[in-house]
Every structure is written in C-alpha cells, then in structure tokens.
Amino acid sequence: MSIEPFELFAIRYGHLGDRHPDENFIAADPHEFASDLDYFVWVARRSDSTFVFDTGFSEEAAARRRRNWIRHPVDSLRLIGVDPGRVTDVVITHLHYDHAGNLDRLPLARFHLQDREMAFATGRSMCHGVLRAPFDLENVLQMVRHVYNERAAFHDGDYELAPGLTMHRVGGHSAGLQSARVWTRRGWVVLASDAAHLYDNFEKRRPFPVVYNVSEMLEGFDLLYRLADSPAHIIPGHDPLVMRRYPAPSAELEGIALRLDAPPTQD
Ligand SMILES: [Zn+2]
C-alpha cells in the first residue's frame, strides 16, 4: 500500500490492582487469576497528521475512584513530542470516565465521537445507576460544551479519519464504543479500546462485566479479528501484558510509553 504508515504509541498513565476475577469476566471462577488493569492513551502520528485517542482521567477522578494516577494523560503527550496545545483531532472511543476526562486540556482539538455514545450518556439509560457508574457527569457536561462550541465531530458507524485510519463502531461495552484500525509499518493494527479490556476477553470470548449489550460485545470480538492483520495486531484497552509485549520508544520512556507499530514479543 502506498499510504504513509502511522507511528503508533501507547502512554500508560494509570493502574488498578487488587481485582476480583468477576470484575474482569462475566461468570468468573472466584479462584481464577484476576488481572490488574492499566490505563492508556494512544497516539497515531505521521508526517501529515497526528491523532490522539482518548484523554484519560484527571487526578481528582483517580482519587475519588481510588485508581493509581501515575502521570497526567494529556500532559504526557509531550513525552513523545506531541504538544497538547496544538493537537487538532482527538478520538473519544467512548465517554467513560477513564477515556474522556481532561476534555478542557486540548484547546484546538475537535473531538470525534459516535452519535450513539452521546445519546447514551445523556439519555434515559443514565437513569440507571449501573449504566451511569462508568461515566463522570463533569466529562459529559464538558462534551456538551464542546458540542455547543462546534468542537464535536459526530459520526454514525464506521468512517475514515484519514487514509490508513478508520474507526469502527463496536457497541457492546458502551452504546457508541468505537475501535480504530491503523495502517502501520507492520500492517493493520487495531486499537480495540474497551471492545476488549484484556487479551483474555477476546481470545477466550469472555465478556467484560461492564457491559451495555453482551451480544454486541461478543460480535465485537469477531470484528477485532476481521479488522486486524493477525491476532497479534489487536491491542486490548487495559491489559498490563501490553506493557510487557511492546518496546519503549526510547530508554528514557521504559515503563511509560510503547511503540505499538513494532512487532510484539509473545510471553
Ligand atoms: Zn470503558
């Protein structure tokens, strides 16, 4: 393909340990392994463009929800040479608190999101505590402000952001969840975001318990396989194994950032 490939980065900004198996899988065995969660933002960059995927949570949200906040997810973009003050395109994979905080920190950005996600986060489903729990009202209100400021870019289903970068509505975990398919030097890589929190979710077809529609979540696992060049081209949204499998961009960024356009090691 003659399209310039994207460099693809992950930056780890948060962590959550001491989990119970049924926080990772529906109908888990109480004695099985319970993976921790890592929290990431992602960047696709090439000579003509930079796209940021998600904006993480704030220090305040981390304290309130008892997550380990390692670094500011937006300020950390500078570590890989991206100035948050100059970013023009941010994809919000969904509006959960850990993907759509800090929306006031990117002054020039347009925010790409699915129609259905905004309708879900502001509609009747939010009358139910269990569906509302992963959202923070302040984030949703900030996105409403961006709608009124003409900084929201709405999409309905699949779309192309740029040659070599398409977005795909998955649903499942949240009504308007979207995953990214990115052309890189190793082929088509899929940023699943929360279409799969962990490798075990899609590899073992085991749904994550924070879910809007279990059937769509299971169909979403199949979609990830169809979009990616191989199973090793699928990047789950929260798996600590991602940190082990991909190299850092430089020695100074060891344990902080990753190159997802490099081939993974298998462990
Ligand atoms: Zn989520």
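Visitor: Which residue in S12 does valine 190 stand opposite?

Guide: Valine 190 stands opposite isoleucine 234 in S12. This is a predicted model, where local features need pLDDT of at least 70, side-chain atom pairs count only at pLDDT 80 or more, and totals for chains, interfaces and linings use all residues. Residues are numbered from 1 along each chain as its sequence is written.

Visitor: In what sense do S11 and S12 pair, and over how many bridges?

Guide: Strand S11 (residues 187-193) and S12 pair in the parallel sense over three bridges. Two strands pair if DSSP finds at least two bridges between them. Strands are DSSP runs of E with at least two residues, helices are runs of H or I with at least four, and both are numbered from the N terminus.

Visitor: What is the strand order in that open sheet?

Guide: The order is S8-S9-S10-S11-S12, five strands with mixed pairing. Strand S8 (159-162) and strand S12 (234-236) are at the edges with a single partner strand each, so one side of each has no neighbour in the sheet. The twist averages 25 degrees from one strand to the next. Angles run from 0 to 180 degrees between N-to-C directions, with axes as lines fitted to C-alpha atoms, for helices over the stretch in contact.

Visitor: Which helix packs on the sheet?

Guide: Helix H6 (residues 214-227) does, touching strand S9 (165-169), strand S10 (178-184), S11 and S12. The direction of H6 makes about 160 degrees with that of S11. Contact means that the C-beta atoms of two residues, placed from the backbone, lie within 7 Å.

Visitor: Changing topic: how many residues of S2 are buried?

Guide: Eight of the ten, so S2 is largely enclosed by the rest of the structure. A residue is buried if 20 or more other C-beta atoms lie within 10 Å of its own, exposed if 12 or fewer, and partly exposed in between, with C-beta atoms placed from the backbone.

Visitor: What about alanine 27: buried or exposed?

Guide: Alanine 27 is exposed, with 9 other C-beta atoms within 10 Å. Alanine 27 has a positive phi of about 55 degrees although it is not a glycine.

Visitor: And asparagine 102, buried or exposed?

Guide: Asparagine 102 counts as buried, with 21 C-beta neighbours inside 10 Å. Its phi is positive, about 55 degrees, although asparagine 102 is not a glycine.
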